[in-house]
Amino acid sequence: MQLVVARIGRAHGIKGEVTVEVRTDEPELRLGPGAVLATDPAATGPLTIETGRVHSGRLLLRFEGVRDRTAAEALRNTLLIADVDPEELPEDEDEYYDHQLMDLDVVTKDGAEVGRITEISHLPSQDLFIVERPDGTEVMIPFVEAIVVEIDLEEQRAVIDPPPGLIDDQAEVASERDAAEGEGTA
C-alpha cells in the first residue's frame with residue numbers, strides 16, 4: 001500500500017535542499033537517507049533521499065541527482081509516497097495510520113450514528129476527522145482523547161463523546177459571566 005508521507009516545499013539554499021511538510025508520525029523511519037520514494041506527479045520520481053537535517057524546526061532533504069536551487073525548486077509541491085505493508089501498525093497502540101481510520105463509522109457513546117470518516121486533516125495543533133453525515137453534510141471532529149474515546153478497528157467504528165454544539169446545535173453558555181449577563185437582560 002502507498003501512503004503520502006510528505007510534501008516538498010520550497011528550495012532552501014543553493015545546493016539542492018528542499019523544505020518538507022511532513023505527513024507522517026514516523027519521519028525517521030520513512031524519510032531517512034537511502035529511502036526511495038514514489039512521487040505524485042509520478043514523472044518527478046522516484047526520488048532517493050541523500051541527506052536530511054532539521055533547520056529552524058523544519059525538515060530539509062536533499063535528493064540524489066538534485067544539486068542546485070533550480071532543480072530543487074522544480075520539485076516544489078511534489079508529494080512523497082512510501083510503500084507500506086498494509087499489515088504494519090504504528091509502534092504505539094494509541095496511534096493509527098490514516099488508512100486504518102478512513103471509512104470508519106462514527107457513533108456517539110450512546111450509539112447514535114454520526115456518520116463516516118471521509119478525510120483526515122492534519123493540522124499543526126491536532127488532527128481532525130472530516131465526517132460525512134447520512135444527510136450528506138460534513139462535521140469536523142477533533143481527534144483528541146477527550147472527544148474520540150475509542151477506536152475499534154475490528155468493529156470498524158470510532159466512538160465519540162462530543163461536547164454540546166460539536167455535532168448538533170445545542171451549545172452551552174461558554175462562561176458563568178455570559179450566563180449572568182443573559183439573566184440581567186429582559
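**Entry 1: a hairpin**

I began with the hairpin of strand 11 and strand 12, which has 4 residues between its strands. I looked up what a strand is here: a DSSP run of E with at least two residues, while a helix is a run of H or I with at least four residues, and both are numbered from the N terminus. Strand 11 covers residues 148-152, strand 12 covers residues 157-160, and the two pair in the antiparallel sense over 4 bridges. Pairing calls for at least two bridges found by DSSP between two strands.

Next I checked who faces whom. Ile-151 stands opposite Ala-158 in strand 12, and Glu-150 stands opposite Val-159 in strand 12. I also noted a general point: strands of a sheet pair through backbone hydrogen bonds, either parallel or antiparallel.

Before going further I noted that this is a predicted model, where local features need pLDDT of at least 70, side-chain atom pairs count only at pLDDT 80 or more, and totals for chains, interfaces and linings use all residues. Residues are numbered from 1 along each chain as its sequence is written, and side-chain values use heavy atoms, with hydrogens and water left out.

**Entry 2: positive phi values**

Gln-156 sits in the loop between strand 11 and strand 12. Its relative accessible area is 37%, so Gln-156 is partly exposed. For these words, buried means under 20% relative accessible area, exposed means over 50%, and partly exposed lies in between (1.4 Å probe, protein chains only).

I then turned to Asp-103, another residue other than glycine with a positive phi, near 70 degrees. Asp-103 belongs to the loop between helix 3 (98-101) and strand 7 (105-108). Its relative accessibility is 43%, so Asp-103 counts as partly exposed.

**Entry 3: the sheet around the hairpin**

**Entry 4: two cis peptide bonds**

Where does Pro-41 lie? I found Pro-41 in the loop between strand 3 (36-40) and strand 4 (47-55). A cis peptide bond joins Asp-40 to Pro-41, with omega about 15 degrees. Pro-46 is also in the loop between strand 3 and strand 4, and the bond from Gly-45 to Pro-46 is cis, with omega near 0 degrees.

**Entry 5: Arg-62**

Is Arg-62 buried or exposed? Arg-62 is in strand 5 (residues 58-63), and I noted it as buried because its relative accessible area is 19%. Leaving out residues up to four places away in sequence, Arg-62 touches several residues, including Lys-15, Glu-17, Thr-48, Glu-50 and Arg-67. A contact means heavy atoms within 4.5 Å.

**Entry 6: the protein overall**

Last, I looked at the totals. The protein has 4 helices and 12 strands, and 35% of its 186 residues are buried. Of the contacts with a separation of 6 or more, 47% are between residues 24 or more positions apart. The accessible surface comes to about 11,500 Å², and 47% of it belongs to carbon and sulfur atoms. Accessible areas come from the Shrake-Rupley method with a 1.4 Å probe; for residues, only the protein chains shown count as cover.
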